[in-house]
Each structure stands twice: as structure tokens, then as C-alpha cells.
Amino acid sequence: MKDDASTQNEALAGHLLDHYAGRIARVQRPYVLGLSGLQGSGKSTLARVIKTQAEHRGWPTEVLSLDDFYYSRSEREALAHQVHPLLKTRGVPGTHEIELLLSVLTALPNASEKFPVTWPRFDKGRDTRMPPSRWPRATRPPRLVVMEGWALGLRPQLESALEEPVNELERVEDPDGRWRHWVNKQLRAYQPLWRKLDALIVLQAPNWEVIREWRSETEKELLARGAPLAMDAAAMQRFLFHFERLSRHALATLPVLADTCVEYDTHHHMTGLSHN
């Protein structure tokens, strides 16, 4: 299964780089390729394969993960106190330091040995940022930047769509809708970041229900490593409830916004590929 997935990713990365090669060659700055997919869809793995293949083609490449720009646990605890208790949990719009990510994108074209560009690395097993000594650093301008994240390209929902809760978490812990309205409003602040993308690739899951199974695989790896804040099945279900609303919204709306849509079945086999 792992060999199949690896072969699939190698072939997909090669196809994507072939498809976008002309556009990458034409721009006089780093080409920013967005890779959007729900939890467990394989975007981080695919991003690494794209980086390896791009560098074999002679294109210096950096990968930026939206997940690495989560606010630290202490900052989210402050948000939970000031705005809503549910904001203690990382992931939803409003829990990323978007201004920092935008500043990294602005700085990368001028990266050098003398003026390296660094950015955070987030430790999900400890639910906070790693120390700066362990952050990635770029010492040359990249030809390609792959930006990956679960909500990349997502637009806010209509206000009317926020009225009814979508799961038990919203019904019990956000009965007045204050949290989901705040999160939806924060998503507007992400739109300038989306506009930095030269192209958006969407890894399309077949449905929301399979995401729990896919995301659980990641958590099993953290549990096996003995990560102190790794989640068991019950904690994982509660965690995913925070994402359900916008994940369903992403499944319904992102394919038509994508430059490239890659479709998968429940076993994570690629079933379709289309370029808009």
C-alpha cells in the first residue's frame, strides 16, 4: 500500500511539474503553488515529493505549511479567554499567524546567506511551536514555493449557512453561533494570502466521513512516538468536529476554484485529474 502511494505521488508530482513548468519559467520571482486538501489527504507528503523532483530539475524549492503558522498554545489560550473557549483548539481560521506567513512570502525572493529567511515549525505532538533553533531557513531565492494547508483557497460561508449547527460540538458548545461566526469572519483575512497563489491544486476527498480515518493514521504515528499530546479516538473525534463545518464547505466549493483538481477514492487511490 505504501509502495502504491509512493509510486502514485511520484507520478502525480512529475505530471504537475510538467504541467506548470512553462508558467514557472515565465515568472521573474518565486512561483507560488498552493496545495489544498483536508486532514489526512496526503498534501504534506506530496509537497515533499514535488520539492524533491523540482530540485532535481534545478529549481530551488521551499515548502511552507499553513500548519506551521499556528499560534502557540499560550496565544490560543489567550484567544480562548478573550473570544471563545473553542479557540483553544488549533486549526480553524483565526488560529494562524497569517501576517507572519505573508511576510515570509515577501522576504523569500531576497533570501541569501547574509540575510536568511526563517519561519516556524509547529510540533503537533506538543501542540506548540518548536524553538527557533529548529526552524527552517532559506539562504537563496526559491524558484518554486509550495504552500500546503487544509483550508487553502477557501472563501467564507454565507451568513445564512451559519445558523444551524452541523454537529454535537456546535450544538452544545457554540449554541449561539458566536464561535462559528467569528471563525467565518477571520477567513476574510486569509483572502490576501490566497491571492498570492499563482495556482491552486486541490486534493479532493470523496466525502467528509473518510477524513476521520485518514487523519487518525497521522495521530497513530504520534502515539507510536509517545508524543505527549497525541489524541486517542474520542479526542480525535472531538478535534475533527472543529473542522467539520468548513471541511464540508471546502468539499463543496474548492473544486470549481481550483486550477487543478485531483480526486481520490476512500482508499486514497487517485481516480481523476482535471485542469481548469
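Trainee: Which residues do ring pairs link into a cluster?

Mentor: This is a predicted model, in which local features need pLDDT of at least 70, side-chain atom pairs count only at pLDDT 80 or more, and totals for chains, interfaces and linings use all residues. Residues are numbered from 1 along each chain as its sequence is written, and side-chain values use heavy atoms, with hydrogens and water left out. Rings of Phe, Tyr and Trp (its six-membered ring) pair if their centres lie within 6.5 Å, and planes under 30 degrees apart count as stacked, over 60 as edge-to-face and the rest as tilted. By ring pairs of this kind, the cluster joins W150, F239 and F243.

Trainee: How many aromatic pairs are there by this rule, and what is the angle between the planes of W150 and F243?

Mentor: The count comes to five aromatic pairs. W150 and F243 form one that is edge-to-face, with 5.1 Å centre to centre and an angle between the planes of 80°.

Trainee: How many residues apart are W150 and F243?

Mentor: Helices (H or I, at least four residues) and strands (E, at least two) are DSSP runs, numbered from the N terminus. W150 lies in the loop between β7 (144-149) and α5 (168-173), whereas F243 belongs to helix α9 (residues 233-257), so that the pair links distant parts of the chain, 93 residues apart.

Trainee: Is F243 buried or exposed?

Mentor: Buried means under 20% relative accessible area, exposed over 50%, and partly exposed in between (1.4 Å probe, protein chains only). Because its relative accessibility is 2%, F243 counts as buried.
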